[in-house]
Amino acid sequence: MLSKKTKYGIKALSYIARKEGKRPVQTSEISESENISQKFLESILLELRKSGFLGSKKGKGGGYYLIKEADQIKMTAVIRVLEGPIAMVPCVSLNYYEKCDDCPDENKCSVHKLMIQVRDASLKVLGQNTLADIANFQ
């Protein structure tokens, strides 16, 4: 299940992407518009800034803004930063692979085979969608 952190991070990025003129957007504006706790949102935006999605400006007229164009931000990257691995089990993860403790042979494991299909389908959907794509849905 998608965490609230990731859900709110995607909502905040979409809100910022929809703003005209790339002006910085204040946390309070996003919080009010998207119904997200301001304190929780601040920690999410800080993480997105540290990960290179957002820039920030302090002072009057300050706030957060996209560093890259929205059509250059793939949802796979956003999910990995906020949520971690896309794969549901570690033995099928492309970036965070770990062998399962309870599995003697991945090649014969029915769960492994199923989760590869789930991972690949998820990667396809997330990889085909950018921030620009999802920001335009609303």
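Helices (H or I, at least four residues) and strands (E, at least two) are taken as DSSP runs and numbered from the N terminus. The structure is a predicted model, in which local features need pLDDT of at least 70 and side-chain atom pairs count only at pLDDT 80 or more, whereas totals for chains, interfaces and linings use all residues. Residues are numbered from 1 along each chain as its sequence is written, and side-chain values use heavy atoms, with hydrogens and water left out.

Ile 16 lies in helix H1. With a relative accessibility of 6%, Ile 16 counts as buried (under 20% relative accessible area; exposed is over 50%, partly exposed in between; 1.4 Å probe, protein chains only). Contact denotes heavy atoms within 4.5 Å. Beyond its neighbours within four places in sequence, Ile 16 is in contact with Val 25, Ile 30, Leu 45, Leu 54, Tyr 64, Tyr 65 and Leu 66. The C-alpha atoms of Ile 16 and Ala 135 are 8.9 Å apart, although 119 residues separate the two in sequence.

The chain comprises domain 1 (4-66) and domain 2 (74-136), with bounds from an automatic or database domain assignment. Taken over C-alpha atoms, the domain centres are 26 Å apart. Contacts link 14 residues of domain 1 to 10 residues of domain 2. The two domains bury about 1000 Å² between them, 78% of it on carbon and sulfur atoms; buried area is the accessible area (1.4 Å probe) that two parts lose on being put together, summed over both. Within domain 1, the most area is lost to domain 2 by Thr 6, Ile 10 and Phe 53, which together account for 44% of what that side buries.

On the side of domain 1 that touches domain 2, helix H1 (4-18) and helix H3 (38-50) are the elements giving two or more residues, and H1 supplies the largest share, 8 residues.

Ser 31 belongs to helix H2 (residues 27-34) and, at 11% relative accessibility, counts as buried. Its side chain reaches the backbone oxygen of Ile 36 at 2.4 Å and the backbone nitrogen of Gln 38 at 3.5 Å.

Key. A polar contact is a pair of N or O atoms within 3.5 Å; within protein, one must be able to donate a hydrogen and the other to accept it, and residues adjacent in sequence count only if both atoms are side-chain atoms.
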